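Please view the sequence and the model together while reading.

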Amino acid sequence: MRKMLAVARKEFRQIARDTRTLMILLFVPAFFLLLFGYALSFDIRNVHLAVEDRDHSAESRSLVSAFVNSGYFDLVATVDAGGAAPGQRTLISRLRAGAQTAVGLMDRNDVRAILVIPPGLGRAVQTSRPTSVQVLLNGDNANTATTVMGYALTIIRSESARYQPAAAVPLLSVEPRVWYNPELRSTLFLVPGLIAYIAMITAVISTALSVVREKERGTIEQVRMAPLNAGSFIVGKTIPYFLVSLASALVIIAAAMTLFGMPMRGSWALLLVALSLFLVGALGLGLLISSVADTQQVAFQAAMLASFLPTLMLSGFIFPISSMPRFLQIVTYAVPARYFLIALRGVVLKGSGIEAFGSELVALAVFAAAVLALASARLRRQWA
Amino acid sequence: MNSITVTDLTKRFGDFLAVDALTFSVREGEIFGFLGSNGAGKSTTIRMLCGLLKPTSGSATVGGIDVGRDPEGVKRRIGYMSQRFSLYEGLTVNQNITFFGGLYGLDRARLDARRHFVLEMAGLHGREKMLAADLAGGWRQRLALGCAILHEPSIVFLDEPTGGVDPLSRREFWRLIDELSASGTTVLVTTHYLDEAEHCHRLAIIHAGQLAALGTTDELKQVFAGRAIIEVQAANPVEAMRLLDGMPEVEKTSIFGIAVHAVLKAHQADATPTLKGRLEAAGVSVTGMAPVRPSLEDVFLDVVEQAG
Amino acid sequence: MRRVGFLIWKELLELKGDPRLFGIVVLAPIIQLFMLGYAATTDIRDVPIVVADADRSAASRELVARFAASSNFTIAGVVTSSDEIDPYLGGGRAWMALTIPAGYGETLGRGEPQTLQVVADGSDANSTNVALGYATSLIAGYAQDLVAQRSPQGAALPGGIEPRVRIWFNPRLESRDFMLPGVLALLLLVITTNLSSMGIVREKERGTLEQLNVTPLGRWELVVGKLLPYALIGMIDVCLVVAVAVFWFDVPMRGSVALLFALCAVYLMSTLGLGLFVSTISSTQQQAMMTTTFFFLTPMIYLSGFIFPIENMPAVIQWFTYLIPLRYFLVILRSIFLKGVGLEVLWPQALALTAWGLAVLTLAIARSRKRSG
């Protein structure tokens, strides 16, 4: 026990001496939360729209106004008739296609959607004959395209309903209610995810080099000589980083609450428990990498591989896990951020108690214990 | 003919004056030693002379080239071996030689000849394929020296080249330095080992960035002209030292191993029996007390004390 | 010039001596590509929904069966009252809850319209919208089917404007086609910037950098010799990633592969230049790593348009993103893969990328002097 503390003290002193690193670990994460919380959003506004109105009737202009007045679209261009269709992809045809053609606008990402109104729309609508309009969507960002499509369809359908005789009331209609985030503010969704991501990266990065650096320098030989078992060494190393990471994470959470209005509907104690288990697991992962790698470079690349993109992609932060193929869902069981996000969202947004995410806490504890045990075992084998 | 000329060379790091107006010259083929404690400014000086560090003021000419104005020109003519024996651990002995030889532009024939020379000199025949990381201290040291002189430079800078190496290897290393010097190469070596310093043709003692003394070993020992040093062997050296310190004829004392060196003031050489008598009267049994020739260590301590 | 050759030879030798490093920088992109290729999807499948069926009639069970049969939903549980849905939503075991009131079956039998309540977990705003949309469509479709069953004629409505949607570049709305080219850009950044910054700092730490500085090796030769091997690794990664993306994931490659490689090389100038720059401000590998990760990689991953579209960002931030080379490269990659356009459209991005690369390299080289102080 005392030896463990001795290791912890030494590590702590080393951390404190590298001021630049310490400052980075404490404050940069919070800064990122600010930056990303402010900058990032899935809410799509000001969609650039171009219109090709071949009808020029009151009805067509009304349709265009409906788009503009919806608040989602900005009319930025009108399209020249006679532009090449996407099928004609030769260099010559593209060069000939002027800047204002549909092809040109879409190629340059100047617009996300083009509304094409056929001639005769006005008359068709007045005489109650069915007609159609074309919506061309820029599909390069599927997420955005889906949302824009939703907006466009809604607008067109409500415009359409104006010209139809009183439509029959549907037999079944839906009354949607949204819990926890009634205004569907994407910030409330993003911020917990950001917290999990930043905390994970900070923790893994800070420990990933700690052991391997000593291996490279040879100072680990001295530790090995001391009557200290590998387990105590590992745990001793974890302690100071845990304190720093915890401090850093609390700063982030405080920032999230004061600056982004993230609510706190649950219990602080539960949050701390979940946060601590998560951090220990992340730190442990870093230490595991550190004990397996021989050089700092390998340790770093491995840390990136294990945390940078997977935490972003596989934790349920951006893409829902339930939509992933089965084998990948199994992989996500090894991503601690997955469990932490559920617990975090549960406590912060839903005010849930431990019965709601007890199994997630257990998973976090198991993960933490497993990585620490593996790291110790690995080191022990190297020392034997 | 001077290989290296240094005039008022100064280096300041912020407020800290690391090297303070050094002035000295080194003759062709000379083994010139830089003696000083850690932090005295030896490495900083060498770095400036090698074109690795820009001087704050002053000038230096190495091999006829002004270091301040043409650092790159200097690099073609010199060899440098750092404290850390900077070799590529992941490369074999042969690969290290090939690499450094390539950097100095040695063509195939010359590289082969030099490789043979270095392997011979370092005793590394049969170990060509070993990784540098796997070599023991003495061999790494000699390999590092070898890589530094592949291009047969006329001037070689060695910065604490014998750190952490066993005494046998150290002696072997100095034999190599002697050979280099005999073949006309100028060697400037920094050290804090006094026995090595004795080996140099001339010595500069550096203290707190300043040149505290300069000359051959004998010239340096002249600092004790007129002052005798006696070595006292006693059963209780600490007590003996304390008593001697209080005596008017004694300038200063220091412990040398288990004996005490007492520097007598000018013209006090005859006081030896008197001092011995006083010690014995105080109850300190003296087993030996005789004048000794000043050693470099005595010189160093004296010079440093005068400078400080 | 020959000296550069020796330097490159030495770097490659050292790399060969560290097979783990080589393995990881080659394997890591592949692994991550697979992960992300399969993870990135906008289709919301198997949304867990809990049903509070207070009616328990044949009609309500038929509705529940509709949901169960849909690939968009999976039934997380059926309870009897809406009070029981809390633990499901609170613990994330269900995202949505459908409440079927008592008397549903009877009201339906009488042909009277009624409203069903659908509760959604709003903490995942993105998916909520989509999931609600599915639920609404499913119920509307079911309702229409019921009406059609009773009176086959009365279903169609006269007049009205029918929207016809056509999606360019990505008709399947495959998120993957958008993400994978982005992954290439990101991986190149992460791998090459770190390799170069840590690789150079490691020589600083060991003292061999000083030894190099004392030789006649020129400053430019040193930089080229150090960075070229990493550029080589970068290009190998490009080949691997493009191959996997195109042949395994069927990401379309409509543009010129030659142009892709050429612009990759330009992009590598900025990533390697960045690594070099970081090495001039770090004295240990740990510092190099921290600086690269925190000050450059993390902001770039979020603000470059990799996942979050730049056009959604506040104006101030959008201005800032002009400084991020990854931003231009993402546009280039996505355009070449999905749109098949060339320099005639991409010249502004190519120009910006080149300018950026040259600027960073120049700055970094200016800082890596052979003589300090």
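The model described here is a predicted one.

Helix α4(B) itself comprises residues 108-122 of chain B, 15 residues in number. From its first C-alpha to its last it reaches 21 Å, close to the 21 Å expected at 1.5 Å a residue. Its buried residues are Arg114(B), Arg115(B), Val118(B), Leu119(B) and Ala122(B). Viewed down the axis of α4(B), these buried residues fall within an arc of 135°, and they therefore line one face of the helix. An α-helix has 3.6 residues a turn, so residues three or four places apart point the same way. On the face of α4(B) turned away from the buried side are the exposed residues Ala109(B), Asp112(B), Ala113(B), His116(B) and Glu120(B). After α4(B) comes Gly123(B), whose phi is positive, near 70°.

Arg278(B) and Arg140(B) are separated by 138 residues in sequence and by 54 Å in space, C-alpha to C-alpha.

The contacts between chains come next. Where chain A and chain C touch, 106 residues of chain A and 102 residues of chain C take part. In this contact, strand β4 (residues 131-138) of chain A pairs with strand β5 (residues 161-168) of chain C in the parallel sense, over eight bridges. Asn138(A) stands opposite Trp168(C), which belongs to β5(C).

Chain C also touches chain B, with 21 residues of chain C in contact with 21 residues of chain B. On the side of chain C that touches chain B, the elements giving two or more residues are α1 (2-16) and α8 (208-213) of chain C. The most comes from α1(C), which gives six residues.

The table lists two of these contact sides by residue class.

| Chain A, touching chain C | 63 nonpolar residues | 26 polar residues | 17 charged residues |

Note on methods:
Residues numbered from 1 in each chain as written. Chains lettered and ligands numbered in written order. Predicted model: local features only at pLDDT ≥ 70, side-chain atom pairs only at ≥ 80, totals over all residues. Contact = placed C-beta atoms within 7 Å. Helix = DSSP H or I, 4+ residues; strand = E, 2+ residues; numbered from the N terminus. Expected span 1.5 Å × (residues − 1). Buried ≥ 20, exposed ≤ 12 C-beta atoms within 10 Å, placed from the backbone. Arc of directions from axis to C-beta. Nonpolar A, V, L, I, M, F, W, Y, C, P; charged D, E, K, R; others polar. Pairing = 2+ DSSP bridges.
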